[in-house]
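Please read this briefing alongside the sequence and the model. The points below are grouped by topic, beginning with the contact between chains and ending with the ligand.

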Amino acid sequence: MNALATDMATEPDAAAETASREELLRVDNVSLSFGGVKAITDISFDILKGEIRAIIGPNGAGKTSMLNVINGFYHPQQGTITWQGKERRKIKPHEAVSQGIARTFQNVALFKGMSTLDNIMAGRATAMKANIFFQMFWYGPAMREEIEHRKKVEDIIDFLEIQAIRRTPVGKLPYGLQKRVELARALAMEPDLLLLDEPMAGMNLEEKEDMSRFILDVNQEFGTTIALIEHDMGVVMDLSDRVVVLDYGKKIADGTPEEVQGNQDVIDAYLGVAH
Amino acid sequence: MIFRTAGQYKTSYEADQALFPVKQDFYLVLGILLLGYVVFPLTASEFTFKALLVPVLIYALAALGLNILTGYCGQLSLGTGAFMGVGAYATYKLMTIVPEMNIFAAIFLSGFFSAAVGVAFGLPSLRIKGFYLAIATLAAQFFLVWLFEKWAWLYNYNASGAIEVATSSVFGITVTGPTALPIVQYYCVLIVVTLVTWVAINLTRGRYGRMWKATRDMDIAAELVGIKLMTAKLTAFAVSSYIVGVAGGLLVFFWKGAAEPNLFDIPLSFQILFIAIIGGLGSILGNFLGAILIVALPVILNLIPSTLGIPVDSATLEHLNVMIVGALIIAFLILEPHGLARFYAIIREKFILWPFPY
Ligand SMILES: Nc1ncnc2c1ncn2[C@@H]1O[C@H](COP(=O)(O)OP(=O)(O)OP(=O)(O)O)[C@@H](O)[C@H]1O
Ligand SMILES: [Mg+2]
């Protein structure tokens with residue numbers, strides 16, 4: 001009896017663990033449309049601190065639009081967003097960055113003419129403040145700031161194992177590496193919430209494995225909360241703590257990977273059953 | 001000169017972020033400075049100063065200013081000539097109002113006027129891009145030259161409508177006006193150009209440079225990584241117009257000696273744009289290479305007939321010059337959009353790897 005109790009205390013089940021976690025972000029009844037096109041209809045879900053939250057669904061389901069709402073790029077016509085317990089007013093994307101929300105893009109959105117190092121350094125734009133007059137003479141605060149941020153960026157470069165391409169213009173890198181540099185740039189923003197829009201699209205198996213490892217490491221070592229859009233079901237099942245499923249702009253399921261996998265609506269959506 | 005980066009390991013980020021992390025680059029720049037500050041002054045003739053060295057430096061500086069805006073920040077401007085005019089007229093007015101002012105102080109101050117005007121005309125860039133922005137800057141070009149003509153206060157109500165540079169001196173040496181020695185004026189220009197170029201290098205390799213380049217490469221992504229596009233674009237307009245304005249002040253006070261409004265008209269804007277394109281957009285060095293080419297070409301063309309003994313009239317040479325420059329621009333735009341600076345980069349790369357090309 002006693003032994004059983006201790007057993008249960010040391011190995012709490014996954015559901016209990018998530019339940020005890022604090023809420024980082026919540027969207028309530030969010031709707032977004034472009035002219036006549038309804039991209040998102042009345043969606044509510046939450047993201048808990050420290051979890052990996054997958055957002056899945058067929059093409060055009062509204063996943064990317066959802067991320068764009070979360071980072072202030074789109075403004076929903078209806079609904080509210082609660083960030084760290086406070087209802088958020090309408091914000092601009094750069095404000096989202098300073099509040100701790102960073103993202104990567106479905107189509108790589110790097111600065112093609114800049115080196116890997118400069119791309120990642122650009123991720124620290126909001127954190128760097130040195131006055132233009134110090135910059136002009138590369139003096140005092142400007143130089144100290146540059147070095148301080150360079151150190152952080154070098155840590156990220158080591159972490160993602162991209163030392164060798166530090167000076168390469170990113171336009172010349174293969175696609176898989178570009179995706180990795182984009183992750184590095186997002187990490188440079190030191191986000192509390194990291195939004196990843198199909199980070200493994202177009203990658204081969206080996207690259208996917210690397211990327212999965214990095215995502216898990218980011219989550220575990222830095223405690224970064226991650227919202228992940230991904231089409232590869234294997235990856236989603238392996239990485240995520242909870243999954244929200246969208247279809248035609250509506251939420252059709254929400255739960256642990258196992259729960260979602262067995263959900264009839266989800267199976268229908270993926271098999272393309274007529275609505 | 002042989003480039004070797006092997007064996008030059010950086011033990012600190014300070015060292016890696018030094019102006020010239022590769023030692024050979026440092027020697028190269030030292031060599032160029034030596035040429036500019038010692039060799040040329042010792043050897044050049046009055047003609048060389050006036051027809052080659054001084055104009056190369058001034059045009060290179062103006063192109064550098066334009067390059068900050070167009071090459072680094074991706075905002076095309078067709079109004080460079082007019083912004084040079086703002087710098088020139090501002091210097092002129094400052095020197096009339098306070099005649100005892102140091103001419104360098106006047107030129108560096110006048111840059112703030114062109115910067116302010118640049119920011120004002122840069123405001124549309126927050127709304128429009130590309131072709132439409134280029135047209136907006138063209139409107140600035142027309143408006144400003146019109147202002148230089150119509151606003152008599154700017155040229156002190158001279159009957160000629162032109163501004164004329166009065167004699168002024170620094171530390172007892174005459175630096176402007178008809179009696180100033182070409183070698184003195186050359187040094188004045190060289191010092192200003194060196195200083196401004198160094199500042200431009202610092203700005204482009206740091207936080208602002210990254211903001212500008214990010215805005216150029218993908219403005220939406222720049223915004224989404226937290227870069228304020230407004231700050232990026234307006235600082236680019238300000239810094240660019242400042243440098244262009246300083247170049248305008250130098251143009252009139254240390255080279256031409258006098259100027260009419262039409263000096264700052266569209267042909268000047270295009271000449272500077274061509275230098276930036278041929279030299280290489282997004283490069284500092286390129287502006288100098290481009291300026292050397294554009295300034296030297298007509299001079300060399302002029303020398304050919306007399307040395308070869310072929311009689312060619314000057315109008316034909318003029319046409320020939322325009323044709324060659326036009327062909328070069330088209331060739332560069334199609335074949336090597338990064339201009340002469342890229343050739344240098346390729347050669348440098350080859351030397352670093354030499355003799356093992358892999
Ligand atoms: N800027 C826009 N203007 C008009 N319609 C848009 C815009 N962005 C998205 N949409 C529409 O909203 C719907 C959802 O698009 P979204 O990109 O969010 O889907 P998604 O789930 O990310 O799809 P995919 O898996 O293909 O990336 C689509 O019908 C799309 O056409
Ligand atoms: Mg998408």
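Buried area is the accessible area (1.4 Å probe) that two parts lose on being put together, summed over both. By that definition, chain A and chain B bury about 3100 Å² between them, with 66% of it on carbon and sulfur atoms. This is a predicted model, in which local features need pLDDT of at least 70 and side-chain atom pairs count only at pLDDT 80 or more, while totals for chains, interfaces and linings use all residues. Residues are numbered from 1 along each chain as its sequence is written, chains are lettered from A and ligands numbered from 1 in the order in which they are written, and side-chain values use heavy atoms, with hydrogens and water left out.

**Interface of chains A and B**
- Contact, meaning heavy atoms within 4.5 Å, joins 37 residues of chain A to 28 residues of chain B.
- A:His94, A:Phe111 and A:Trp138 supply 19% of the area that chain A buries against chain B, more than any other three residues.
- Two salt bridges (a side-chain nitrogen of Lys or Arg within 4 Å of a carboxyl oxygen of Asp or Glu) are counted between the chains; one of them pairs A:Asp118 with B:Lys213, whose closest N and O atoms are 3.5 Å apart.

**Surroundings of ligand 1**
- Ligand 1 is surrounded by 13 residues (a heavy atom within 4 Å), and the closest are A:Gly60, A:Lys63, A:Thr64, A:Ser65 and A:Gln106.
- Oxygen atoms of ligand 1 lie 2.6 Å from a side-chain N or O atom of A:Ser65 and 2.7 Å from one of A:Gln106.

Note on methods
A polar contact is a pair of N or O atoms within 3.5 Å; within protein, one must be able to donate a hydrogen and the other to accept it, and residues adjacent in sequence count only if both atoms are side-chain atoms.
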